[in-house]
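Hi everyone, thanks for making time for this one. I'd like to walk you through a model, so please have the viewer open while I talk.

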Amino acid sequence: MALPITIELLTILMFGSLIVVLLAGLPMAFVTGGLAGIFLFLFADVGMLNMLPSRVFPFMTDYQLSAIPLFIFMAAMLERAGIIEELFEVVYKFIGAVNGGLASATVIACTVLAAMVGVVGATEVTMGMIALPAMMKRGYDHKLACGALLAGGTLGILIPPSVMAIVYAVVAQQSLGELLVGSVFPGLLLSGMYIAYVTVRCYINPRLGPPLPPGERVSFAEKMQLLKGTITPILLIVLVLGVIFVGIATPVEAAGIGTFGALFVCALHRRLSWIAVREASIATLKATGMVMWIFFGATLFVGFFIVKGGQEFVTSGLLGLGLSPYGVLALMMVILFILGMFLDWVGILLLTVPIFLPILKSLDFSGLFGFAGPHPGDIPLWYGVIFMVNMQMAFLSPPFGYSLFYLKSVAPPEISMATIFKSAVPFLGIQALGVYLCILFPEIVLWLPRLVYG
């Protein structure tokens with residue numbers, strides 16, 4: 001016999017208990033599912049228990065989700081091929097002679113890596129081990145060096161192939177191809193803004209990021225020689241993204257091509273071994289298992305909340321504030337930012353998108369300041385990319401931003417946690433500006449998918 005309860009009290013109990021248990025340090029992969037089981041037992045009838053298999057099994061058989069382990073394995077193999085070290089060396093020797101060149105090279109290398117691997121942790125840790133000591137050795141300001149690393153590394157969740165895009169596409173029932181194409185320009189926009197910020201600051205105050213001394217600069221011929229080592233990984237990027245954009249292959253098929261290509265690149269670099277394949281396979285299994293368990297738990301948690309009337313409660317609460325459609329969207333962005341301080345992006349996506357997206361689809365976004373808004377049919381795609389740009393802030397926002405701790409794990413002892421926290425602040429502002437620009441100018445997101453897919 002289900003216990004009677006109002007939706008207001010249920011909302012407080014469900015999300016209050018979720019926050020308390022997560023703050024206690026328990027993993028989200030099991031917290032959401034465990035709490036969903038408890039609330040189903042206490043407040044659901046026997047018929048509602050059918051929700052358990054009906055919501056879990058579709059995820060277990062969803063074709064698009066098979067791209068997640070493929071892209072993660074591709075990232076792990078490229079990391080073991082030594083591509084990251086070679087790429088950074090090439091870029092910083094090309095532009096190291098300008099003020100802030102090493103920091104800008106770090107952002108560029110992270111941007112290219114994002115198009116290879118789509119995983120933040122691998123980029124942050126590996127680039128932290130390579131680029132941070134190089135910048136410190138040449139007298140770079142610690143906060144600027146750390147900030148460029150942190151911001152560049154977060155591009156991995158936005159620039160395709162992005163694991164976050166795959167998860168959003170499944171939850172929102174959105175075309176994965178359109179989402180991957182739509183995230184290209186916002187990712188490049190943010191990368192350019194990071195580089196512009198670093199360059200301007202270093203020209204205003206050259207002591208923040210001095211150029212490479214003349215003795216360390218290389219000739220044009222030597223630069224061309226360095227490029228040879230980056231040809232195969234860049235061709236792999238072009239191949240994987242090109243078959244998606246041209247329509248030759250689906251994103252899942254492109255992931256399979258990328259996985260085979262990563263093995264081929266490793267072989268060319270003489271880094272392909274059973275040990276490397278085994279380590280990459282174990283890393284893939286762990287990451288995929290974590291994502292899928294969060295999927296199962298969060299979909300049960302949110303599914304129960306929606307069945308009990310939570311969707312209508314949240315909708316009436318947000319619309320009852322009397323805000324304009326853009327005011328509602330701005331409030332959602334603030335909520336996402338706050339959640340990002342404490343939760344993993346997978347959990348945030350699975351908890352909020354099923355609730356927020358139907359609300360947004362019911363609103364009329366006619367545009368701001370005379371600029372056109374998105375077409376109603378484009379709102380899921382538009383919001384998906386805005387969501388991913390916002391989630392970059394989750395990786396940088398104290399106190400629990402993942403990138404902050406990734407960098408600290410490989411930073412020299414003289415780089416304190418307080419320094420890393422402070423270094424993230426200006427780049428958080430740039431990311432917030434990126435969110436605003438994507439809202440104000442929807443064509444940043446929508447133009448390329450419209451061109452590719454019509």
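Predicted model: local features only at pLDDT ≥ 70, side-chain atom pairs only at ≥ 80, totals over all residues.

Residues are numbered from 1 along each chain as its sequence is written, and side-chain values use heavy atoms, with hydrogens and water left out.

How many salt bridges does the structure hold? It holds two. In one of them, R450 pairs with D378, and the closest N and O atoms are 3.7 Å apart. R450 sits in helix α22 (residues 443-453) and D378 in the loop between α18 (345-361) and α19 (379-396), so this pair ties together parts that are 72 residues apart in sequence. Helices here are DSSP runs of H or I with at least four residues, strands are runs of E with at least two, and both are numbered from the N terminus.

The other bridge joins E443 to R450, with the closest N and O atoms 2.7 Å apart. R450 is partly exposed at 37%, D378 is partly exposed at 23%, and E443 is partly exposed at 39%.

**The whole chain**

Now zoom out with me. The protein chain has 22 helices and zero strands. Its radius of gyration is 23 Å, close to the 22 Å that the globule rule gives for 454 residues, so the chain is as compact as a globular protein of that length. For that comparison, the radius is taken over C-alpha atoms, and the rule is 2.2 Å times the number of residues to the power 0.38. Along its principal axes, the C-alpha trace spans about 80 × 50 × 50 Å.

Buried residues make up 53% of the 454 residues. If you take contacts (heavy atoms within 4.5 Å) between residues at least 6 apart in sequence, 81% of them join residues at least 24 apart.

**Inside the core**

Which residues have the most contacts inside the largest nonpolar core? They are F88, W345, L349, W382, Y383, F387 and M391, in a core of 157 residues. By nonpolar core I mean a set of buried Ala, Val, Leu, Ile, Met, Phe, Trp, Tyr and Cys residues joined through side-chain atoms within 4.5 Å. Click on F88 and, setting aside residues up to four places away in sequence, you'll find that it touches L102, A105, T106, A109, M127, I130, A131 and A134.

Beyond its neighbours within four places in sequence, S183 contacts L158, P160, V385 and M388.

**A helix to check**

The buried residues of α2 include M28, V31, L35, F39 and F43.

The structure holds zero disulfides, a disulfide being a pair of cysteine sulfur atoms within 2.5 Å. C110 is in none, and the nearest cysteine sulfur, that of C146, is 13 Å away. C110 is buried at 1% relative accessibility. For C202, the closest cysteine sulfur is also in C146, 14 Å away and too far for a bond; C202 is buried at 0%.

Last, two backbone spots for you to look at. Q173, not a glycine, has a positive phi of about 55°. Q173 lies in the loop between α9 (163-172) and α10 and is exposed at 66%. F369 has a positive phi near 55° and is likewise a residue other than glycine. F369 is in the loop between α18 and α19, exposed at 65%.

Methods. Buried < 20%, exposed > 50% of the residue type's maximum accessible area, 1.4 Å probe, protein only. Salt bridge = Lys/Arg side-chain N within 4 Å of Asp/Glu carboxyl O.
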